[in-house]
Amino acid sequence: MPLTPQERQEFLAQPHVAAFSVAAGAGRGPLTVPIWYQYHPGGEVWILTGPESQKMRYLREAGRFSLMVQQVEPTVRYVSVEGPVIRTVPMTDELHREMTARYLPAESVDAYLRAAEAYGEQIAVYLRPEHWLSADLGDPSAL
């Protein structure tokens with residue numbers, strides 16, 4: 001059963017690890033990798049990546065990407081969102097801290113941020129949600 005617009009936005013706002021997909025060019029399937037993301041209901045989705053990463057090279061060509069998040073308990077549920085890249089901005093300490101705190105316990109954030117300096121320059125890539133696909137497939141133990 002499809003989720004309501006409010007349910008799908010609330011589900012996407014939870015800190016799932018997403019499957020990120022972007023077209024990888026003619027004759028290729030999409031590049032699909034796990035990624036952290038940030039989203040607040042009614043807003044834009046954003047991710048962090050290197051300005052010269054493979055993801056960013058494909059994003060420049062395609063101009064859009066998809067994210068898919070899922071859970072299997074207590075019910076099988078997923079949300080997929082797709083849309084255009086609307087802007088990129090240099091990553092700030094504030095953005096990096098926000099993303100890290102979304103996924104890690106408070107006591108691990110500072111250590112992670114120090115270690116992540118080795119990744120080099122990062123940028124935030126913003127997506128405007130245009131297309132949604134979602135469902136709650138029910139309790140798998142009831143099958």
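Predicted model: local features only at pLDDT ≥ 70, side-chain atom pairs only at ≥ 80, totals over all residues.

Visitor: Why are α3 and α4 called oblique to each other?

Guide: Helix α3 (residues 93-103) and helix α4 (residues 106-116) pack at an angle of about 125°. Roughly perpendicular covers 65 to 115 degrees and roughly antiparallel begins over 145; α3 and α4 are therefore oblique. Their axes are 10 Å apart, and α3 passes α4 in a right-handed crossing.

Visitor: What makes the contact between these helices?

Guide: From α3 come His96, Arg97, Thr100 and Ala101, and from α4 come Val109, Asp110, Tyr112, Leu113 and Ala116. These residues divide into five nonpolar, two polar and two charged.

Visitor: The count of aromatic pairs comes to five. Why is the pair of Tyr39 and Trp132 called edge-to-face?

Guide: The ring centres of Tyr39 and Trp132 are 6.2 Å apart, and the limit for a pair is within 6.5 Å. Their planes stand at 65°, and over 60 counts as edge-to-face; the pair is therefore edge-to-face.

Visitor: What parts does this pair tie together?

Guide: Tyr39 lies in strand β3 (residues 38-39) and Trp132 in strand β8 (residues 131-138), so the pair ties together parts that are 93 residues apart in sequence.

Visitor: What makes the bond joining Glu73 and Pro74 a cis peptide bond?

Guide: Omega for the bond between Glu73 and Pro74 is about 0°. Pro74 lies in the loop between β5 (64-71) and β6 (76-90). Most peptide bonds are trans.

Visitor: Which domain does UniProt place at residues 5-104?

Guide: The unreviewed UniProt entry gives "domain: Pyridoxamine 5'-phosphate oxidase N-terminal" for residues 5-104. In the model, that span is 28% helix and 40% strand.

Definitions and conventions. Residues numbered from 1 in each chain as written. Heavy atoms only, no water. Axes fitted to C-alpha atoms, helices over the stretch in contact; angles between N-to-C directions. Helix = DSSP H or I, 4+ residues; strand = E, 2+ residues; numbered from the N terminus. Parallel < 35°, antiparallel > 145°, perpendicular 65-115°, else oblique. Left-handed = near helix turned anticlockwise from the far one by under 90°. Contact = heavy atoms within 4.5 Å. Nonpolar A, V, L, I, M, F, W, Y, C, P; charged D, E, K, R; others polar. UniProt positions renumbered as here; feature names shortened; annotations may be inferred. Phe/Tyr/Trp six-rings, centres within 6.5 Å; stacked < 30°, edge-to-face > 60°.
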